[in-house]
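Please look through the model below before reading on.

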Amino acid sequence: MANRFFPNLMPDFVAETTTQTLHEEEEAVIVSDGDSLMKLLAMPYSSLSERLKRAALDLKETIVIETWGMTGQRISDFTLYCGVLGTAFLLFKSYNVTNNKNDLSLCSQIVKACDSASLGSRDVTFICGRAGVCALGAVVAKYAGDEKLLTYYLAQFEKIKLPTNLPDELLYGRVGFLWACLFLNKYLGQGTIPSTYTAKVVDEVIKNGRAVAKKGKCPLMFEWYGEKYWGAAHGLAGIMHVLMDMELKPDEIEDVKGTLKYMINNRFPSGNYPASEADRKRDVLVHWCHGAPGIALTLVKAAKVFGDKEFLDAAVDATQVVWNRGLLKRVGICHGISGNAYVFLSLYQLTGNLEYLYRAKAFACFLLDRAHKLINKGEMHGGDNPFSLFEGLGGMAYFFLDIIDPSQAKFPAYEL
Ligand SMILES: [Zn+2]
């Protein structure tokens, strides 16, 4: 277990210095022992943000070259998860931070190529399917002021048909499609995808959840490839997360709450969560996809939506697990340090507690100080797709850009 993550030796809190000389700032980059990390932790937020932004924008250039420029713009994987749509999503983020029009136009160009590459795809979600291409395409067209392109992508989105044998989870299933609808409504206006349309999909999810639960101890349960997962990517946490953004009937709300309470009551003594119903003994994974981080984000949202203290307390406990065991030997969003850091940001946004902001910042400082060195030394896994948004450096660049404005940071393609 210990070799999945670095022991977190960073202090529980470090106060920021108010002023810093240029010399001290430069030293923080040049010195490469443990001291440089401490200096980053104490740096004023504005100086650190500037440094993170610089690192992210440099990284973005490399990611564009590696995933787009050097491929001859031929697409082997169009998805947001590990493919080139992830690069487009990073460019959209970068545009929102810097207002650099080149990022928006390159983003639009990549989405266009993804559109051609995904025409025959049967995958329908935002993260792994065609809905991500059409939804991002529509939003980027709106930002670029291209009405014709906006109409085109919305028409393409409307053509997406959900197969009857679709699973319900986030990466390949119904709630992954619903999330694309929420994304469109957020950026293009409520009602862009009418609730009469999404309600049918929600009904199906609830019906399936109740059927698999079979009136057991947990009101809703789902299967993906024969496993009853709990985490954000394939299981209960991801499904409940999206359902909480949909219009639900009172009995459905009770089922969502009951499902979350079932998970809280059956977590590991450590505060971490099993990956699935069958996997109740292996307290190992502390990832967004499986384990406490993804579930913590859902619990923070439940605390926000329902106001129950039980959800907030459980979110705080799960967040402690992420601080202790979440400094993973990977950089990415799905199962890496960058994704885990969003748990602290989410709890900071809900509570205003600066200790959580510090923890997110500490994870960012650790990455800024060490990620490249540790990857080069082979002590950190560079990822099977080393420049991708969900498994690679794309996720780290995205996180660095996001934490510049911590009150607005959102886990990419998951938090709205
Ligand atoms: Zn993962």
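1. A residue is called buried if 20 or more other C-beta atoms lie within 10 Å of its own, exposed if 12 or fewer do, and partly exposed in between, with C-beta atoms placed from the backbone. By that rule Cys-334 is buried, because 26 other C-beta atoms lie within 10 Å. Cys-289 also counts as buried, with 23 C-beta neighbours inside 10 Å.

2. Please keep in mind that this is a predicted model, in which local features need pLDDT of at least 70, side-chain atom pairs count only at pLDDT 80 or more, and totals for chains, interfaces and linings use all residues. Residues are numbered from 1 along each chain as its sequence is written.

3. Which residues does UniProt list as "binding site"? The unreviewed entry places this feature at Cys-289, Cys-334 and His-335; UniProt positions are given in the numbering used here, feature names are shortened, and annotations may be inferred rather than shown by experiment. These residues span 47 residues in sequence, yet no two of their C-alpha atoms are more than 6.4 Å apart, so they gather at one spot.

4. Helices in this note are DSSP runs (H or I, at least four residues), as strands are (E, at least two), numbered from the N terminus. Cys-289 is found in the loop between α11 (250-265) and α12 (292-306), whereas Cys-334 is in the loop between α13 (309-325) and α14 (337-351).

5. Two residues are in contact if their C-beta atoms, placed from the backbone, lie within 7 Å. Leaving aside neighbours within four places in sequence, the contacts of Cys-289 include Gly-231, Cys-334 and His-335. With residues up to four places away in sequence not counted, Cys-334 touches, among others, His-287, Trp-288, Cys-289 and Glu-391.

6. The helices on either side of the Cys-334 loop also pack against each other: α13 and α14 are at an angle of about 145°, with their axes 10 Å apart. Axes are lines fitted to C-alpha atoms, for helices over the stretch in contact, and angles run from 0 to 180 degrees between N-to-C directions. Ala-315, Thr-319 and Val-322 in α13 meet Asn-340, Val-343, Phe-344 and Leu-347 in α14.

7. Turning to the whole chain, the secondary structure comes to 16 helices and zero strands. The C-alpha atoms fill a box of roughly 60 × 55 × 35 Å, taken along the principal axes, and buried residues make up 51% of the 416 residues.
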